[in-house]
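Visitor: Hi! Could you walk me through how the two chains in this one meet?
Guide: Happy to, let's bring it up.

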Amino acid sequence: MNVPAAAKRRITIRRPTASFAEEGGAPSFELGRNIAGVRVGIRHDGTWRSWQYVARVWADLLRRDGAIPVLLQTGERTGPEGEKTRADLEAWHERIDCAVSGLGTCGSCTMWSVRDAIGVEARGKPVAAAICEEFVGHARTTASFLGHPELKVLVLPYPLETLSETELLPIAEESYPRFLALIGARR
Amino acid sequence: MELASPTLEIDDDPEAFFQLSLAEGWGDGAPLLPPTDERVEALLEATALAPSHTIGKLPPRHGTATIELIAINATMAGVEPAAFPLVIAALEALVRPEFNAIALTTTTSSVHPTLIVNGPSRDKLRIDYRAGCLGGAAGRGSMTIGRAVSLCLRNVGGQRAGATSRSVFGQPARFGQCFAEWEERSPWPTLAERQGFARDQDVVTLHGSKGDFPVADTNNDDPRDLAYMLAKCIAYPLSNYYLELTGDCGQIVVVINPMWAERFGRAFASLESFQEYLREQAWQPIELWRPANREVLRRKGRVDAQGRVYLVHRPEQLVPVVAGGLGSLHAMFLPSWCQSEMQSAAVHGAYWTPELLAAALDEARALVRSDGADLILVEADPARARVVLRLEVGDETCATGACVMPGDTLRPMIAEVLSRHLRGALGLQLIDPRVG
């Protein structure tokens, strides 16, 4: 039997969702000078061989341009190892003028690359998160709701991990000047 | 009761709410109960915490988890009022930094919080621990408490597959997974006791699990041989543990059926010796992996002098939990993806307002004051739902204190009073000077 619409009972329910107001818009920064003499942090998490290779290539290029690469490998984030990772990051922040934090090529590693980049940006230093194309949306969303919507993102091809060093070398060489441009450095 | 969440009017028709939930993305694709004020308030009555009280921020989008929002989501999941405090306890455990929920909710991995419950409320709340406890037994507690946590992650945390969550496959537990330990059939201390709680407390343990991996055996009569094979299964070559820099992170829950637990309990002198044996055998020879993979493991320092690649670093990372039917023959292991540490929270522990505690103590003191004695509060630990009281037999009592009820009689009476006021089971220690 069809109940006429006017006779249908109505109920009131509560919405189950939280509001996701973004926590402000922290600024990003630019170097505004020549890269020579600058201490450039390169952060990796020891997982992605491709990014570690790119980091080695970039370290050589930075030295060539008179800059000082400061590499950091982050470890676990929980337990005793987690405390060491936090301490290592703190110490690294003091030793750098700018940085790149990567590699975002999975869900949590993208999130951690962004968070560690934000750690640098929160200290007023220029930084870019190195993120593979598939995870760029995830990176930008994460940065936004962590209050850093302007965080610079260096987009790299996806996937990188299956590439040989011969295939990675041109990618590393092509992305290096893009990274410098992003953080406002000149050669 | 003053509720803050916005309201919406809909037809009083289950299909109407179901369709709305699908359109709004509020649910998991299965029907939900409409969160009317009557239903939500029934859950809120089950906790002393105010609707506006916040547990913390839920990842990945850091939505603020108020008790009211948790109750709305728990209502939709079908949680009954008596079970609501377990949902709260689970979320309290989830927001701790060591659980690392921000990474857990965004990873490409299949990991999701699995709830393991201990304590006297398992049966009342129908949290499954016998046959079918990991799926199929259909106890209301098991099917709804875990689901409530999942809905909170979706609606309060903003976890969305493909968007904020990059999980490649997800897993069935994303609907919600909650089971209990069959404590009475375990030869060892309960999981909650190992986590530092008392046996008479209701405790929820959160484990970031990648899924349920079943193993079966009919061949190994010697329990040490069976434990050896179990360890080799757990150390499977594409385990997340072999992707990490070290094996020193996270836990693997090993759910053991009661018949096997009995055999292991006889064969190993203690839980610790069982865990150590499992750890010692949970390795694979480096030759198992392909050459390029071997190089990665060597570079990470994971290969020892004998060419063994051990799965985990510490025995306590392998966490036996007794549950399942009496059909024997099977175990399940629930590995983590390593970047999350198991967390436990007592139910009701954080809800002890000073007023509630004072009222509870006043009534408890009345049990002994007529005999001239008193109860002194030594410690109240809300985080562990634990109270320590000292009985004082003063000058007005008889010299030996024999006129005051014996401790064996007094203690459960005090525990009942405290539990009633503080709305849940708790751990009570009564220091009785009459006992040596």
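**Where chain A meets chain B**

Guide: One salt bridge to start with: the side chains of A:Arg15 and B:Glu24 come together at 3.9 Å, N to O. Keep in mind that this is a predicted model.

Visitor: How many salt bridges does the rule find across the interface of chain A and chain B?
Guide: There are 7 across that interface.

Visitor: And how many residue pairs are in polar contact there?
Guide: The count is 13 residue pairs, with both residues at pLDDT 80 or more.

Visitor: Which helices and strands of chain A supply that side?
Guide: Strand S1 (10-14) and helices H2 (79-94), H3 (107-121) and H4 (136-145) of chain A each give at least two residues to the side that touches chain B. Sorted by class, that side of chain A has 13 charged, 12 polar and 11 nonpolar residues.

Visitor: OK, switching to size. What area is buried between chain A and chain B?
Guide: About 4,100 Å², with carbon and sulfur atoms giving 55% of that. A:Ile13, A:Arg14 and A:Arg15 supply 22% of the area chain A buries against chain B, more than any other three residues.

Visitor: How many residues does the contact take from each chain?
Guide: Chain A puts in 36 residues and chain B puts in 55 residues.

Visitor: Back to S1(A): in what sense does this strand pair with strand S1 of chain B, parallel or antiparallel?
Guide: Antiparallel, over 5 bridges, with the chain B strand covering residues 7-11. In that pairing A:Ile13 stands opposite B:Leu8.

Key
Residues numbered from 1 in each chain as written. Chains lettered and ligands numbered in written order. Predicted model: local features only at pLDDT ≥ 70, side-chain atom pairs only at ≥ 80, totals over all residues. Heavy atoms only, no water. Contact = heavy atoms within 4.5 Å. Buried area = accessible area lost by both parts, 1.4 Å probe. Salt bridge = Lys/Arg side-chain N within 4 Å of Asp/Glu carboxyl O. Polar contact = N/O pair within 3.5 Å; in protein donor to acceptor, adjacent residues only side chain to side chain. Helix = DSSP H or I, 4+ residues; strand = E, 2+ residues; numbered from the N terminus. Nonpolar A, V, L, I, M, F, W, Y, C, P; charged D, E, K, R; others polar. Pairing = 2+ DSSP bridges.
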